[in-house]
Amino acid sequence: MSTNAADPLVALGGLPGVPDAVDRVRKAVDRVYGHRVMRRRSNEITSEAALRGARGSAALSGADWALEEVRRRTDFGSESEARTVGAALRLTAEAGQLLSIWRQSPLRVLARLHLVAAADAGAAVGRPRQGGESVDEPLIELPLPDAEEVAGRLEGLSRLIIAGGSAPALVTAAIVHGELLALRPFASCNGLVARTAERIVLIGSGLDPKAICPAEVGHAELGRAAYAAALDGYVSGTPQGMAAWITHCGKAVELGVRESTAVCEALQRGAA
């Protein structure tokens with residue numbers, strides 16, 4: 001995230017390809033918000049987007065369940081995949097409750113998200129990992145920063161968020177998401193927490209105030225291999241790599257918009 005600009009996130013928004021991605025996302029979001037169904041049934045679209053977003057996030061963390069299975073299940077504590085799906089559902093529900101806190105205390109929000117995701121009373125829950133503590137995040141195969149680096153970079157991320165600025169919502173959301181995946185600051189559930197933080201930024205920025213554009217759906221549709229490759233670009237710190245990650249996140253939002261547009265169309269036809 002290093003840059004000489006006064007506002008690092010604004011500088012990232014000027015990377016090659018990023019302005020076009022920001023423009024595409026804005027236009028896609030505007031279209032779905034203008035759908036006639038949104039005027040009458042936006043609460044239903046929001047609920048469905050939350051369910052589908054949780055399913056997508058869980059899929060990226062290794063629990064790739066069919067949507068109807070997620071919809072009908074009530075027991076999410078019996079085995080590993082079920083716990084992952086349950087954590088994703090809880091995080092999606094919790095995100096909306098934390099919007100007012102995010103800009104004042106992002107680290108507090110991240111701790112709360114981990115507590116909600118992990119759902120146990122272990123000593124490492126709800127706080128960044130300490131020196132010597134391991135991380136259970138098998139699907140992200142990147143070098144793991146040590147606890148001291150994690151603490152410093154979390155503080156830097158927190159300062160950027162609290163300071164605000166004029167960076168596009170997509171850029172801010174992508175950087176928050178990528179930084180948390182790169183750091184894996186918690187002992188578990190880092191992917192789930194990172195994608196929820198991305199959701200919080202997109203909603204709280206005003207880009208998606210009704211939470212109907214689930215980027216998690218798009219990330220899952222683009223696939224784990226593309227997700228990992230784009231993350232490698234972010235971790236490289238090069239302009240090209242950073243731009244590739246932000247653009248990837250933009251595609252994910254566009255696919256989330258497409259999903260909710262399909263839900264709107266189904267509701268309009270009376271088929272959902």
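Modeller: A residue counts as lining a pocket when it has an atom within 4 Å of one of the pocket's grid points. The model here is predicted.

Biologist: Which element gives the most to the lining of the second largest pocket?

Modeller: α10 does, with three residues. Each of the three is counted because it has an atom within 4 Å of a point.

Biologist: Which elements supply at least two residues of that lining?

Modeller: α6 (99-102), α8 (147-163), α9 (169-183) and α10 each do.

Biologist: How much space lies in the second largest pocket, and which lining residues are the closest to its centre?

Modeller: About 300 Å³ lies in it. Of its 15 lining residues, Arg103, Gly164, Thr172, Val201 and Ser205 are the closest to the centre.

Biologist: How much space lies in the largest pocket?

Modeller: About 770 Å³. The pocket is lined by 37 residues, and Ser61, Thr84, Asp136, Glu137 and Cys189 are the closest to its centre. Two or more lining residues come from each of α5 (80-95), α7 (106-118), α10 (190-204) and α12 (224-236).

Biologist: Which of these elements gives the most to the largest pocket's lining?

Modeller: α5, with six residues.

Terms used
Residues numbered from 1 in each chain as written. Predicted model: local features only at pLDDT ≥ 70, side-chain atom pairs only at ≥ 80, totals over all residues. Heavy atoms only, no water. 1 Å grid on protein atoms, 1.4 Å probe; cavity = no way out; pocket = protein on both sides within 12 Å on 5 of 7 lines; lining within 4 Å. Points joined across faces, edges and corners; volume = space filled by probe spheres on them.
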